[in-house]
Amino acid sequence: MLTISKSKLTTQIEDRLLTRNQIMEEYFSRDAMRLAVACREMSERFLKGGRLLAFGRGPYATDAQHVSVEFVHPVIVGKRALPALDLSFSFRPWMEAILQPEDMVMGFGPPGGDLQVEAALASARMRDAMTFALPGRQGSFALETPTEDPFIHQELIEVLYHTLWETVHVFFEHRELGYDVGASDFLYPFLGQQKQETKDIIAQVADSVQMKVREDSGLRERVAREESERTGDAARAIHQRLLRGGKLITFGNGGSATDANDLALDCVEPPAGYRPVPAISLAMEPANITAVANDVGTEVIFLRQLIAQARPEDIAIGISTSGGSRNIIMALEEARRRNMLTVALLGSGGGDIFRRGLADFPIVVQCDYIPRIQEVQASIYHVIREMLEVLSRGQA
């Protein structure tokens with residue numbers, strides 16, 4: 001059988017992470033101004049009572065989930081909840097039943113597009129909604145994706161909608177629209193408290209978009225330098241468990257829940273040419289989550305499911321931007337008791353999960369700001385998925 005050396009696997013991971021930086025920086029240097037203009041219109045529509053309606057199919061439904069939670073439950077303390085809904089379950093009839101002209105509609109799909117998503121966006125445009133085609137050629141904002149790689153494409157889209165969320169808060173809280181910047185001033189310190197001309201704000205926000213992308217690049221470079229070997233070791237250990245009949249069990253909260261869902265779907269509904277990998281996401285079970293949370297408590301929403309679903313040959317993958325979420329900790333503790341392989345994607349120095357050694361393979365993004373952590377974590381778990389394919393073919 002063919003085998004892949006540890007050094008070769010590490011080099012491949014480094015190269016794939018750094019390739020993402022070039023694609024991201026080139027794209028956002030071109031489209032930062034268009035994004036800033038789109039954010040300006042979004043802020044006006046939110047102030048008029050508009051809602052953000054999002055949808056996608058397969059792995060791209062998780063982007064709709066992520067957008068919804070970002071706008072409804074913002075990570076910046078004191079920011080208002082903005083109305084957003086994930087309609088992926090039955091998006092065309094649901095959208096057409098509730099759509100209002102002031103709404104914004106966001107459709108997600110693979111690099112080559114999705115005809116059903118495009119048809120729904122066309123219907124929304126006919127009713128005067130603002131539309132985001134991600135990707136597409138028609139819409140208020142249409143993304144012509146710079147890559148055919150489905151994983152890099154999806155990561156770029158995550159950076160894009162995080163940018164939209166951050167920038168919308170700046171625009172509708174700025175004095176020009178009757179509000180102060182307030183708690184957002186650390187994101188855009190150049191705006192200050194004085195009214196500015198719209199074109200000046202848009203130009204400065206566009207510059208800030210590119211600054212955020214460069215920050216991501218720096219974090220990926222650090223992960224490539226410091227975590228590539230561990231990431232390769234994790235992928236190899238996961239691969240060995242899969243050969244024994246194991247499955248991935250993923251879990252996380254909020255935006256990390258959508259990442260857990262995405263990873264599971266990337267395994268069972270992979271890109272063309274990839275082999276399916278058995279996986280489930282405990283974050284994709286709303287009835288179980290709400291039942292356990294209501295009857296017992298939120299700390300055991302993953303633990304209770306893990307007890308029901310897990311086998312010793314399985315792999316537990318917890319995703320946490322803080323490294324300290326109690327329900328993630330309890331699930332990893334149980335996974336350890338069951339002799340499962342444990343992997344954790346972490347931010348903020350790794351938190352208690354790292355300090356207590358609860359993961360066989362803790363992979364840490366050294367950052368404290370949640371959107372940037374999540375953007376780089378998406379690159380990490382996508383690269384792990386890529387390496388599972390490499391290892392599978394290397395041992396065929």
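Me: In this predicted model, what makes strand S8 and strand S9 a pair?
Reply: Two strands count as paired once DSSP finds at least two bridges between them. S8 (residues 315-320) and S9 (residues 341-347) have 6 bridges, in the parallel sense, so they pass that cut-off. One partner to look up in S9 is leucine 345, bridged to isoleucine 319.

Me: Where do S8 and S9 sit in their sheet?
Reply: The order is S7-S6-S8-S9-S10, an open sheet of 5 strands with parallel pairing. Strand S7 (279-281) and strand S10 (361-365) are at the edges because each has a single partner strand, which leaves one side of each without a neighbour in the sheet. On average, neighbouring strands here are turned by 15 degrees against each other, direction ignored.

Me: Which residues meet where H9 packs on H10?
Reply: From H9 you get Asn288, Ile289, Val292 and Ala293, and from H10 Ile301, Arg304 and Gln305. Sorted by class, that contact has 4 nonpolar, 2 polar and 1 charged residues.

Me: And serine 68, how do you know whether to call this residue buried or exposed?
Reply: Buried means under 20% relative accessible area. Serine 68 has 14%, so buried is the word. Serine 68 is in helix H2 (residues 61-72) and touches Ala84, Leu85 and Asp86, leaving aside residues up to four places away in sequence.

Notes:
Residues are numbered from 1 along each chain as its sequence is written. This is a predicted model: local features need pLDDT of at least 70, side-chain atom pairs count only at pLDDT 80 or more; totals for chains, interfaces and linings use all residues. Side-chain values use heavy atoms; hydrogens and water are left out. Contact means heavy atoms within 4.5 Å. Helices (H or I, at least four residues) and strands (E, at least two) are DSSP runs, numbered from the N terminus. Ala, Val, Leu, Ile, Met, Phe, Trp, Tyr, Cys and Pro count as nonpolar, Asp, Glu, Lys and Arg as charged, and the others, Gly among them, as polar. Buried means under 20% relative accessible area, exposed over 50%, partly exposed in between (1.4 Å probe, protein chains only). Axes are lines fitted to C-alpha atoms, for helices over the stretch in contact, and angles run from 0 to 180 degrees between N-to-C directions.
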